[in-house]
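Please look over the assembly shown here before reading on. The notes after it are arranged by topic and are meant to be read beside the structure.

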Amino acid sequence: MQVNGQFQPTIVAFCCNWCSYAGADLSGTNRLQYPANVKIIRIPCSCRLNPMFILRAFQRGADGVILCGCHPGDCHYTSGNYFARRRMTLLFNMLEFLGIERERTRVEWVSAAEGAKFAATMNDFVATITRLGENKRLEDLRCKSK
Amino acid sequence: MQRIGVFVCWCGSNIAATVDVEAVSQALSHEAGVVFSTNYQYMCSQAGQEMIQAAIHEHRLTGVVICSCSPRMHENTFRKTCERAGINPYMVEIANIREQCSWIHKDKAVGTEKAIILGRAAIAKVLLNAPLTAGTSPVTKRALVIGGGIAGIQTALDIADAGFEVDIVEKEPTIGGKMTQIDKTFPTLDCAACILTPKMVDAAQNEKIKIYAYSQVEAVKGFVGNFTVTIRRKARYVDEEKCTGCGLCTEKCPQKKVPNAFNLGLDTRRAIYIPFAQAVPKIATIDADYCTMLKTGKCGVCSKVCTAGAIDYHQQDTLIEEHYGAIVVATGYNPIQLDQFDEFAYSHSPDVVTSLELERLMNAAGPTGGTLLRPSDKTHPHTLVFVQCVGSRCDGGEKGKPYCSKICCMYTAKHAMLIREKYPDTEVYVFYIDVRTPGKNFDEFYRRAVEEYGVHYIKGMVGKVTPQNGKLYVQAADLLGGQQLKIEADMVVLAAAIEPDKSARPLATMLTASMDTNDFFTEAHPKLRPVESPTAGIFLSGACQGPKDIPETVAQAGAAASKVIGLLVKDHLVCNPCVAESNELMCNGCSACEKVCPYGAITYIDKEFRGPNRTTLLRRIAQVNPAVCQGCGACTVACPSGAMDLKGFSNGQIMAEVDAICR
Amino acid sequence: MKQIAISQLGQLLDAMAARQTLYLPVDQGKTAQFNRYESGMELSKQLNTSRSAKDLFFPQVEHLADFQVEGTSITVKPRQQQEEDFILFGVRACDAKSFEILDRVFLAEPQDTFYAARRSHATVVTLACGAPEETCFCTVFGIDPADPAGDVTAWLTGEKLCMRANTKKGEKLLAALPLLEDGGEQAVVAAQAAIHAVTDKLPLKTLDLTGFDGEHLMEKFNSPHWAQLSESCLGCGSCTFVCPTCQCYDIKDFNTGSEIQRLRCWDSCMYSDFTMMAHGTNRPTQLERFRQRFMHKLVYFPANNEGIYGCVGCGRCLKKCPISMNIVKVIKTLGEGER
Amino acid sequence: MQEQVRAKAKALLESGVCDRILAWKTGEFFYDVTPAVFTSVEEIDRDLVYNAFCGANLSKYLIAESRKGGKVGAFLKPCDTYSFQQLLKEHRIRRENTYIVGVACEGMADIETIRAAGIKGVTGGDFTGETLTFETLYGAKTMARAEALAERCKFCKSKKLVIFDELLGEQGEEQDVGRFDEVKRLEAMSDEERFAFWQQELSKCIRCNACRNVCPACSCEKCVFDNPNSGVENKAAASSFEEQLFHIIRAFHVAGRCTDCGECSRVCPQHIPLHLLNRKFIKDINEIYGPYQAGADADTRPPLLTYETGDPEPRRGDAG
Amino acid sequence: MNDAVETVRRISGVNPLKCMKCGKCTATCPAYDEMEYHPHQFVDMVANGRLEELMGSKGIYLCLSCFACVERCPRNVKPGALVEAVRLMVIRQQEQNHLKPQEIPALLEESLPQQAITSALRKYRR
């Protein structure tokens, strides 16, 4: 999205309910700042993230998608993030294979105690996407005509 | 057609300061499906909740969106509010405009815009919500306590007292934990053994309590109300049924040079041992690392002297499986290793000891029989220096811990006081950064040490300790006196920081209970649910949750027990209704979902379907057990046909949120 | 008759493209496709494009209208239709014939305005077939690949491209191309003879359509052969989507977030969800779906259109079917002269 | 070989071991072979062929055939047996209702490759030997079978029949002939080049669903792209995104399950090299999680349905 | 003065507010007796902006830079680095009257070691 001639990326962050969503809450509780470009969607576990959701976000105008879950070994459901890790590893490789910038997708493990890490991650991700510019390769122009 | 009501909370100024709440409720009132939108100072207050209920009735709302604090905070509150007003509690969605909006943005325009988008996403989701009804699952009326220290014992006693069976798993040969090693307790100075050993005996004799000493938790499966735990009973090489605890073997064993772990290596014991006289269970254990028979096959003295015939050199570890409804973690603490603190010469001089070692040196059952002697030359020390905060309150890196270990100020005052009382000819210096004594009669206790016992409390730290000619040269700062002190001491006592037991981390993984960066277990809520883990059915007792003294530990142990009792009295638990569900018309029966399910919640049946042209088709389809499913959603992504979906977090709902956010 | 040297073909295409948008078959990877001409593009030498020429009049996705929802009111905004003239170059005889069949569907009342606009703005330049292949059976439907219809007919005669205007539109086009010179009649006759020499040898030229008509409708419909013919059909839409005469579509709405777009998308009667309705589908198995496609082309369509078949014998489905089941095998199995 | 196959088919019917036989049926021009079910010796004698054009993978038909009652005999080529075993693993086929005859395969010819070599107007010929002979409208032509092979057969991963009740011809071996070379070539390109490559290819897609419908892994009772409630359903790609979406999701859904039989690329009327997407997944799985061949055995857990605690993290784009 | 504190913080990379006033630096300092201000006071003075006093103190030149305080500090405050930074501040203050390269040759003496000349050039070159 362009705001006053400046590129303002739309970032969708999928956060698992148990660790990362709580980590995001903690960064709020500690008043740690990160850009408003980031909008969080709460999912029960990182393994709930269907690749279709990521593609959907890009279709609808997202410039970056990040998945945050419990650290490997800490999954509330024991194994969810391990499955998510495999799925995302392969999916991101495939997107890159199709020529879509790898920087647009990211996985980060953020625990409920890591409010600072959450904010730092989001600051970094927004900066990366801002540098990268608008998502042009996985866009659906129909959703951009306003 | 859904009729959605939107309620924007100011949270006093917490939200309203950086989000224009009026603009948000205005903007959201134009969203499709919204028939009512308002804002109010405190939605979670009585008045706020009544306002929501009134709006539900007046506008015949079918769904509610609350723009407020995190759903982790008040989702349940608002669900109950709406349920009381007659709509299904799962027709409520929360837009988190506090923790994830107003508190992280300073610019009001930015905050307002984001709050509107988050509100839209919640509206888009709630439009696809369906009323959900929770199922139930049975509760196994038996609890497991992991760790047999004072925390574990107290929890077990309290649970047993309420009439429920409870098992204690303790990795050491005896229960009792750290408290058995402590001499006296602050602030009353009563003897630890005198108050602890009766409790140990109570636990052993209580018919509801079963103690698995010298055992470890090997695997945990299941979920709240239905845990299956595999316990490894380590081989003692002594038949527990036969051993009478007479101790003859521990006197006759020829292997005498085993460091005595109970006395922290300050003296030695035999290869077959009973840790201490009051051990429970009082059963001998062979230390396989030192036993000549087990190592070389030659010896067998203990077997010969044992009249009960209890020695069994061929004993193996055994695995047993038990079922529990609740699990209490009481894994306790240990002092940290002091390798990183060379300046205090802990590794160089035996006269530099930790406070726990000092406890043993002062204990009547300890290596010196209760007389305070220097470990190096067994002489009476005349000058003692206590150093506080060793490894506590450190910033960053592998050196030390960032937290305050909480108990050191008080036990140091206790030590100083006891030494001055027993040996008035000693000079005792305590170097402190801050003296922290919140607690009933704590500060009075500390003042007595200073005022009545003449302990020298010096604000400042010890910079280095140099052992030389049988003395310890202590260089320290006296910040208030404005001088650098050089003290010639006989002994230095380090108040080492405490850390969670090393067994806690792998246990947390097994239990899927979360931990903080210091490996303390995380509580479900730091203030309101301090003895529960976020993982349902897992409770926390004692220092595994954070540094604690004995009274606090016992209090928490009781609190954890009451939470366990509250769970075990229920015959059934109400399940989370946000569980996976398979659409049998689309299911391929391929078993992908079953393979990723961590709970074994998915099974398959062959079901007959109506095929085209009046034919029938037998198809393999997946079925989800809603009582077992915990709603992680792993199966929904493994399923290629999309037959598997998650109630409350359906594909459609999440995509609707995505659409609303990216719009 | 006009002509121009093959070596000047590029200039001729440039001249046409300078007047109007020009579409012609070009090679894209291994296949030929109708593409919008840009200078330097070369006319494909392949016999036929992978997709047919119908795309230019009846595209796979047609954006019909937009809806805007504001509160409880809906505003409909129609989409713009074709307003500019364009040239469709290099259409083969079979595809040219297919336009006639599509016209019967889309130009009948009520007229499809999107299709009609495109038809009226198009000038079709057909190109006689150089080397027909074994899959060709257009002659069975009375089509002469050596003399295709269209506003202009063209022949490649070795050295020259010869062009003949058949309609006013065609005359107008040729008149506007000063590069062309008169002549070429003789070369065209020779070229036509060469084409006929091949068409005489075509293995499918004797395909017998006797009995494929309205009178035998029930007999064909109830034939026991459908089960065996359809048993290996995958139910994909490749035959449908390469077919120049298939004209079924579905209406889909797409919510962009700010508006709803109404799209008309090609559909295939081979699909399990074709004409799916609230009660389900009236063609529950692939047999019914398969039968529908061929009954439509070979029986229903001629029964309603003075005996004109819904097939032009282009042979695309013969080449493209993943399992090589096609209209020829159906005709042979169900026909009078069945084995 | 064709005679052996016919003889075996007839024997299976006559002995009553099978009630019907799934094999390949001759066509108009001999190369346009169709999968078919044979129920009589006469049909077999007349129509059953096993030649260089029997590329169709018959395993997927067994999903429906194995549920019809009675026993179906099926001739499966090496790559078909991988698909068959994978389908068994996913409980899609009732093994007890099938009788599998594994047939050795010399690689299948591709009529498009032959046409591209200038052999057009093929009306007949002999396709059983090392050299293929063609009768065409433009005279007789020949081509070595090795040259006429489909791309997938040039890079054949295995000539091993992994599951069968009976074997015709020689059992083969797994082989490594560089089937990932093309994937590597694409990987070596810049993002821009790869993007341009796939834009060019995927823009040709007409969403005929041939790739999906022929794919043995795509055997869903209802595909998400046909399900109006899935959120991704569409009839035709109305934007370049929808072209990408279909192929990414399809490849992801078969990741770890695709045996690399190559049917998707064989049937694509637009000649999009769809198998490269699947091969990319296979290559990554092999490299990251260790060698895995879908359908090679009945027990190994598919890579996306298992994990190791030490699995690597998804690679980051910004290298830090 | 806040600017100066900021500069010291930037040069040293130390946040003096992390100090919990335990005095371990002072306890460990071998130059304790010589220094007018002791390490913990030093940290406190920087934190409270008392830089002029510090810059005027001889003590900053008596610090041995042994870094024992840096090593021992439990809070990672690095008093030694702060001393170093204050010294640098003094040097920067002297910038107004520092030597210019062209002035150096005239000041050279036969007896000066080569290293001194080189380091002078390094130090005073702008």
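The model is a predicted one. Seven pairs of chains are in contact, and among these chains A and B share the most contacts.

**Chains A and B**

- The contact between these chains involves 44 residues of chain A and 40 residues of chain B.
- On the side of chain A that touches chain B, two or more residues come from each of α1 (20–29), β4 (38–43), α2 and α3 (80–97) of chain A, and the largest share, six residues, is that of α1(A).
- Sorted by class, the side of chain A that touches chain B holds 23 nonpolar, 13 polar and eight charged residues.

- Helix α2 (residues 51–59) of chain A and helix α18 (residues 651–662) of chain B have axes that come within 9 Å and cross at roughly 20 degrees; because angles under 35 degrees count as roughly parallel, α2(A) is roughly parallel to α18(B).
- The crossing of α2(A) and α18(B) is right-handed.
- From α2(A) the contact draws on F53(A), R56(A) and A57(A), while α18(B) contributes I654(B), M655(B), V658(B) and C662(B).
- By class, the contact of α2(A) with α18(B) has six nonpolar residues, one charged residue and no polar ones.

**Chains D and A**

- Chain D and chain A are joined by a contact that takes 34 residues from chain D and 34 residues from chain A.
- On the side of chain D that touches chain A, at least two residues each are supplied by α8 (181–188), α9 (191–202), α11 (240–254) and α13 (275–289) of chain D, with α11(D) giving the most, seven residues.
- The residues of the side of chain D that touches chain A comprise 18 nonpolar, five polar and 11 charged.

**Chain pairs without contact**

- Chain E has no contact with chain C, their closest C-alpha atoms lying 49 Å apart.
- Chain E likewise has no contact with chain D, and here the closest C-alpha atoms lie 23 Å apart.

**Chain D: dimensions and domains**

- The radius of gyration of chain D is 20 Å, which agrees with the value near 20 Å that a compact globule of 320 residues would have.
- Taken along the principal axes, the C-alpha atoms of chain D fill a box of roughly 65 × 50 × 40 Å.
- The domain assignment divides chain D into domain 1 (1–107 + 158–177) and domain 2 (178–305), whose centres, taken over C-alpha atoms, are separated by 25 Å.
- Between these domains of chain D, 16 residues of domain 1 are in contact with 14 residues of domain 2, and helix α4 (residues 78–89) of chain D provides the largest share of the domain 1 side, eight residues.
- That side of domain 1 of chain D divides into seven nonpolar, six polar and three charged residues.

**Chain C: domains**

- Chain C is divided into domain 1 (2–60 + 81–199) and domain 2 (214–247 + 269–334), and 28 Å separate the centres of these two domains, taken over C-alpha atoms.
- The contact between the domains of chain C takes 23 residues from domain 1 and 18 residues from domain 2.
- On the side of domain 1 of chain C that touches domain 2 of chain C, 12 residues are nonpolar, five are polar and six are charged.

Technical notes
Residues numbered from 1 in each chain as written. Chains lettered and ligands numbered in written order. Predicted model: local features only at pLDDT ≥ 70, side-chain atom pairs only at ≥ 80, totals over all residues. Domains from an automatic or database assignment. Contact = placed C-beta atoms within 7 Å. Nonpolar A, V, L, I, M, F, W, Y, C, P; charged D, E, K, R; others polar. Helix = DSSP H or I, 4+ residues; strand = E, 2+ residues; numbered from the N terminus. Axes fitted to C-alpha atoms, helices over the stretch in contact; angles between N-to-C directions. Parallel < 35°, antiparallel > 145°, perpendicular 65-115°, else oblique. Left-handed = near helix turned anticlockwise from the far one by under 90°. Rg over C-alpha atoms; globule rule 2.2 N^0.38 Å.
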